[in-house]
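Please open the model in your viewer and keep the selection tool at hand. We will go from one stop to the next, selecting a few residues each time.

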Amino acid sequence: MSDVVSLLGQIEGTGRDTRGPGYQRPGFSATERDLREWFLAEADRRGLDTEIDANGITWAWATAPGEDAVVTGSHLDSVPGGGAFDGPLGVASALAAFDELKASGALDRATRPLALAVFPEEEGSRFGVACLGSRLLTGAIDADRALGLKDAAGDTFADVARGYGLDPERVGRDQSRLAGIGSFIELHVEQGIGLINTDQAVAIGSSIIGHGRWHFSFAGQGNHAGTTPMSHRADPVVAASRVIGDIPTVAAATDARAVATVGRTLIHPGGTNVIASAMSFWLDIRHPDDAVVEQVLEAISRRAEGHASGTGVEVTVSRESYSPTTHFTADLNARMSSVLPTAPLLPSGAGHDAGILAAHVPSAMLYVRNPTGVSHAPEEACEVDDQRAGVEALVRVLERELGVNGGGATADARSGNSTVAGGAE
């Protein structure tokens, strides 16, 4: 069938950002639906049995569904202006790995079921909650809260879900499906510089550091830009901007490893000659120690209250999502290391569906080298040889998990140099 490079090539034109480089692939959008249809068509070409569950997760079964299944996959949505590999690399690699397992006869010797999965709204760019599909599956988010989430246009997730073919009454934790997953392995492009200066193309994820999102809302008094003296203004833009300017200093003063980011703001009503009546920003905080995340949030919140009161503005802070530091399943990582002995263990500051699932089912991650170290931007990259090395690493891991006879494969995860003990590549 197709290899990972050609599979990614099939969707490289889907969701291109019309305003510049990169992609616009929001969750539960027409573009994500097109990508889902592409995956379903590829799965159908391979004879896989497909289904879309109550939470919008797409499943493709390589064998008859059953308990203790081995599952691999990722997501297809993107952040605004995102790159080509964040999410799709894992989905395309899952398809390519299936092709290799099928061609080698490994699936005929498998002792466990195998499924490929695509999770919706992983980035949270539409409804503000990252990994929404996996959170719903596991019950990490209350179904009623999720259904009430609104996008920038004011549409609720309940309404959008209906348009996507889902029944809001069935959304939420799916214990029977969780119970059937024996292990979940997600392959993903690396979103940092951990592999740049190494001769390794693939790493095994050790942990995901704690991270959360908070909404800061500043309410002031809208007024005329030309007739209102500076001394008589309650301008929320001024208060919010002062807080944003303080965030780097506050985060660094709390802990040198803490990172805090404002990547989205909203000003209402947004007229050039109008003093705004409200301004919001969304704050992302990450650190390996969950207590430090709380300390950074408290320090920034205090700073926000001070700037708001000093400008006659009111501020409210609300949490949108939080994921504590997650350590991937030790036994599963040990088995992965046994077939990928040269792959380093790598912590990540980026969240993933595997991190949500890890609290409920054995979960692990493979990271594939990104030579730029840039992610969530058009400059995100992954060399062709490394893409293929990632697939070979995933194949070795899946063989081990599926209990394939003679599956004691070894792979040196060097770019373009995967080897199998006792046989040709």
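In which kind of crossing, left-handed or right-handed, does helix 8 pass helix 9? Helix 8 passes helix 9 in a right-handed crossing, where right-handed means that the near helix is turned clockwise from the far one by less than a right angle, and left-handed that it is turned anticlockwise. Before going on, note that this is a predicted model, in which local features need pLDDT of at least 70 and side-chain atom pairs count only at pLDDT 80 or more, while totals for chains, interfaces and linings use all residues. Residues are numbered from 1 along each chain as its sequence is written, and side-chain values use heavy atoms, with hydrogens and water left out.

Select residues 236–254 for helix 8 and residues 290–310 for helix 9, which pack at an angle of about 150° with their axes 9 Å apart. Helices here are DSSP runs of H or I with at least four residues, and strands are runs of E with at least two, numbered from the N terminus. The axes are lines fitted to C-alpha atoms over the stretch in contact, and angles run from 0 to 180 degrees between N-to-C directions. Among the residues that meet are Val 243 and Ile 247 in helix 8, and Val 296 and Ile 300 in helix 9, contact being heavy atoms within 4.5 Å.

Next, select His 268 and Pro 269, which are joined by a cis peptide bond with omega of about 5°. Pro 269 lies in the loop between strand 9 (259–268) and strand 10 (274–275). Most residues other than glycine have a negative phi, and most peptide bonds are trans.

With that in mind, select Asp 68, which has a positive phi of about 60° although it is not a glycine, and which lies in the loop between strand 2 (58–61) and strand 3 (69–75). At 39% relative accessibility, Asp 68 is partly exposed, the class between buried (under 20% relative accessible area) and exposed (over 50%), for a 1.4 Å probe and protein chains only.

Now turn to the aromatic rings and select Phe 28, Phe 127, Phe 157 and Tyr 164, which form one aromatic cluster; rings of Phe, Tyr and Trp (its six-membered ring) pair if their centres lie within 6.5 Å.

Terms used:
Phe/Tyr/Trp six-rings, centres within 6.5 Å; stacked < 30°, edge-to-face > 60°.
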